[in-house]
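Hi,

Here is the structure I promised to pass on. My notes follow below it.

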Amino acid sequence: MIILVSFLGFISIFIAINILLKLLLKGRLQLASRLHTIKGETNAKENINELDTPFFDRVIRPIGDRLSMIISKTTPGGLKERINSKLIMAGNPLNISVSRWILIKISFMLFCTSISWGSAMATDSLTPKRIALLFILTFILYSFPNLILINLIQKRKKKIINTLPDVLDLLTVSVEAGLSFDGALSRVVNNMEGDLSKEFSRVLNEMKMGKNRRDALRDMGQRCGVTDLTSLIGAIIQADELGVGITNVLRIQSKQMRVKRHQRAQEKAMKAPIKMLFPLILFIFPTIFTVLLGPAIIRIMEVLFK
């Protein structure tokens, strides 16, 4: 019964969205039908090829594209910029646009809440407390994709921070060997993998297209959102403006990055005993007390209650 009510709820939401799209796009549909009648009947071969395409490409994807277009028009510009910056800092997973990201959030929330509300209605347990919990659950489900996006951003930042000292060492060695800074960047792109290498590759492509190196590096710092990388880019830009040798700057920055990574490792080592304290108290100490004091308690109870 619960599954049936949930399925009917999902079908009703799907039909409502389809009707809403037809109402909003009524003029375009009429124009498309007139153009179709003017053009005449399509070729039978094209119809066969269209039927050969998967159901997702024929039905689901066009509906998603129309919904994304509507969301893109109705979403405020500031919200779109914030979401776009977060997607860029996360590495733009699956090349998702802002409107599609909002559509995924809304679809996930509607699907999960329809199941929860349908199960609650099927079991006749819609008390005021349960309704309040369902509203809280709806808010949590709407925020759940944001938590996934934040997790992706943090993972990408950690990867960039961990690979930055090695990249700086390779840049320093390449520049000291006689290569220019652009040549050292291409050496990093060719010999190393990871998110930072991809960002340097994008910087080189933007410079080939005519973008200034200073602007390309600053845009990379904004895309990554890593403080260490931003300070490195600032030092490189300042050295370029003042005419200071880039080799000394890279050598100093490389030493600083090594020191910072060593300090971060020491900080994690200092936090480890405190983090281990909670599982020790909750899981290990009770078992130790049970093993040590269990036989004594049993013996005391036998003596007292004889």
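The second largest pocket holds about 230 Å³ of space. Bear in mind that this is a predicted model. Two elements, α7 and α12, each give two or more residues to the lining of that pocket. α7 gives the most, with five residues. By class, the lining has five charged, two polar and two nonpolar residues. Among the lining residues are Lys157, Lys158, Arg261, Arg264 and Lys268. Gln154, Ile161, Asn162 and Ala265 also line the pocket.

Next, the cores. The largest nonpolar core has 27 residues. Leu171, Met220 and Leu229 have the most contacts inside this core. The elements giving two or more residues to the core are α7, α8, α9, α10, α11 and α12. Here α7 gives the most, with six residues. Apart from this core lies another, of 14 residues, including Leu87, Ile96, Ile102 and Ile153.

What does Met220 touch, not counting residues up to four places away in sequence? Its partners are Glu199, Phe200, Val203, Leu229 and Ile233.

Now helix α11, residues 227-242. At 1.5 Å a residue, its 16 residues should span 22 Å, and the end C-alpha atoms are 22 Å apart, which agrees. Its buried residues are Asp228, Leu229, Leu232, Ile233, Ala235, Ile236, Ile237 and Ala239. They pack against α7 (128-176), α8 (181-191), α9 (195-208), α10 (213-224) and α12 (246-304). Gly243 follows α11 and has a positive phi, near 80°.

Best wishes

Notes:
Residues numbered from 1 in each chain as written. Predicted model: local features only at pLDDT ≥ 70, side-chain atom pairs only at ≥ 80, totals over all residues. Heavy atoms only, no water. Helix = DSSP H or I, 4+ residues; strand = E, 2+ residues; numbered from the N terminus. Expected span 1.5 Å × (residues − 1). Buried < 20%, exposed > 50% of the residue type's maximum accessible area, 1.4 Å probe, protein only. Contact = heavy atoms within 4.5 Å. Core = buried A, V, L, I, M, F, W, Y, C linked by side-chain atoms within 4.5 Å. 1 Å grid on protein atoms, 1.4 Å probe; cavity = no way out; pocket = protein on both sides within 12 Å on 5 of 7 lines; lining within 4 Å. Points joined across faces, edges and corners; volume = space filled by probe spheres on them. Nonpolar A, V, L, I, M, F, W, Y, C, P; charged D, E, K, R; others polar.
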